[in-house]
Amino acid sequence: MQPMEDEPQVQKRSPQYDVVIFGASGFTGKYVVQEALKFLNTPSSPLKSLALAGRNPTKLRETLKWAAHPQNPPPHIPILTADTTDPQSLRRLCTQTKLILNCVGPFRLYGEPVVAACAETGCDYLDICGEPEFMERMEAKYHEKAVETGSLVVSACGFDSVPAELGFMFNSRQWVAPAVPNRVEAYLSLESEKRIVGNLGTYESAVLGVANADKLLELRRSRPRRARPVIPGPPPPKGPTIEHQKNIGLHAVKLPSADSIVVRRTLATLTENPDGLPGLNESAEQIERRKAFWSTVKPAHFGVKIGTKSLLGIYRIIAVGIFIGILGKVAFGRWLLLKFPSFFSLGWFEKKGPTEDEVRSASFKMWFVGHGFGDINLISQGNSKPDMEIVTRVMGPEIGYLTTPIILLQCALIVLNQRDNLPKGGVYPPGIVFGPTDLQERLQQNGISFDVVSKNAISA
Ligand SMILES: NC(=O)c1ccc[n+]([C@@H]2O[C@H](COP(=O)([O-])OP(=O)(O)OC[C@H]3O[C@@H](n4cnc5c(N)ncnc54)[C@H](OP(=O)(O)O)[C@@H]3O)[C@@H](O)[C@H]2O)c1
């Protein structure tokens, strides 16, 4: 049958490359290239061919040199030119590769044409986005198309939000029946022997997030309500603005990151699909494994806080939050924030980003404090106060430029060698796609640890 005249011509895919890193010359992109080279053509790695893409070939060649240092860049890594303002260049990329790793951000500004090209052509897509409105908008606009073409689109495959997703599941799976969790609060602590610094790209994404906060609410109002998981016990109390978590020695305040939203999306998808998402071509054994995995994940209320050892550190975080929260709402304020990032973030974000030394000396700990009931049956007998606590922890290297590339690459390797076990296509959060795979083990082998800290009865 001839295509209708006004139907877009979808180019046929004949992927030459396993992976294209798009935005490879960006601050995060170059660390992603460095991580990818560790797995390129090594024994048993499914990553046999890699290409770098972006709008500036000279910068991309320099990136490759930097990432390969002190070795020479491996031969046969093509440099491809593509720009988000040129949809044809993006469709061409999609026909050339099995999988795009998108590091071009802020995603609110540049992400949609890339997702659109992947959804249209059936190319798989992972990114390191931490912007909830972008993720939900992509799901609303491209999920159906992606299901149809077999394009697996997964955002937030970086520090945002895989440690939160897997860390939540890890905690929730420690509650063995008849015990059930009621809430899990994550406490993030960033540590460094030098300075903790982020690059402008992340700061800009956060500032734009504040400016467009009402767009996310508008989007949600325009869509059908998602299923809500049934969580045993009452909703958690609000608690103080600044909390002192004595157990882990941190003062903490709410962190308005993407994490809790992404975890909630995974729990909503799980509520709608209690056995998880069927894979493209799963074996009977794999189907059983997937179902068994999801039967051990229990829903709970989830929130994320950022913590510091000193109260002064918390006041500093609150001050930066107030600057971004107030100035981010008006155009002149945003101009000021982006013109003087170091001043308004009190030194946490810089135009040039952190030095390599600063990146190597930083690390994170994310504590998951779960509260719940030792026996679910007691809830119906009027026991409404949690009587059990399970504390777990995820730890790893610097969040933006070491942990994020490690996570993105391991997700990519899973897409390459376990594609049959993953959904045929669609736009999803990372937890529901990678939860039942070996992602956690892979992260552990690459320096991101998961451990159980304590299990205690607490006085109800
Ligand atoms: N999930 C996480 O935890 C995490 C961690 C780190 C970063 N991120 C996110 O990653 C994104 C990038 O951050 P970054 O600090 O790496 O920013 P960056 O250094 O500014 O890099 C942005 C990249 O996008 C490219 N780009 C911009 N406009 C483009 C266009 N029209 N067409 C093609 N490429 C274009 C730039 O190309 P040129 O090189 O040619 O300028 C550059 O490679 C941000 O959204 C940030 O929030 C997330």
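I take helices (H or I, at least four residues) and strands (E, at least two) as DSSP runs, numbered from the N terminus. The model I am looking at is predicted.

Entry, residues 19-154. I looked up the helix and strand content here and found 49% helix and 18% strand.

I traced an open sheet of 7 strands with parallel pairing, in the order β3-β2-β1-β4-β5-β6-β15. Its edges are β3 (79-81) and β15 (426-428); each has a single partner strand, so one side of each lacks a neighbour in the sheet. I note an average twist of 20 degrees from one strand to the next.

I looked at β5 (residues 124-127) and β6 (residues 152-154), which pair in the parallel sense over 2 bridges. In this pair I find Leu126 opposite Val154 of β6.

Entry, α16. I followed this helix across β1 (17-22), β4 (97-102), β5 and β6. Relative to β4, α16 runs at about 165 degrees. I also find α16 (399-417) among the helices that each supply at least two residues of the shell around the ligand. The others I list are α1 (27-39), α4 (107-110) and α8 (200-211).

Entry, the ligand. Which of the 30 residues around the ligand come nearest? I find Gly26, Thr28, Gly105, Gly158 and Gly201. I sorted the residues of the shell by class and got 8 nonpolar, 18 polar and 4 charged.

Key
Residues numbered from 1 in each chain as written. Predicted model: local features only at pLDDT ≥ 70, side-chain atom pairs only at ≥ 80, totals over all residues. Near = placed C-beta within 6 Å. Nonpolar A, V, L, I, M, F, W, Y, C, P; charged D, E, K, R; others polar. Pairing = 2+ DSSP bridges. Axes fitted to C-alpha atoms, helices over the stretch in contact; angles between N-to-C directions. Contact = placed C-beta atoms within 7 Å.
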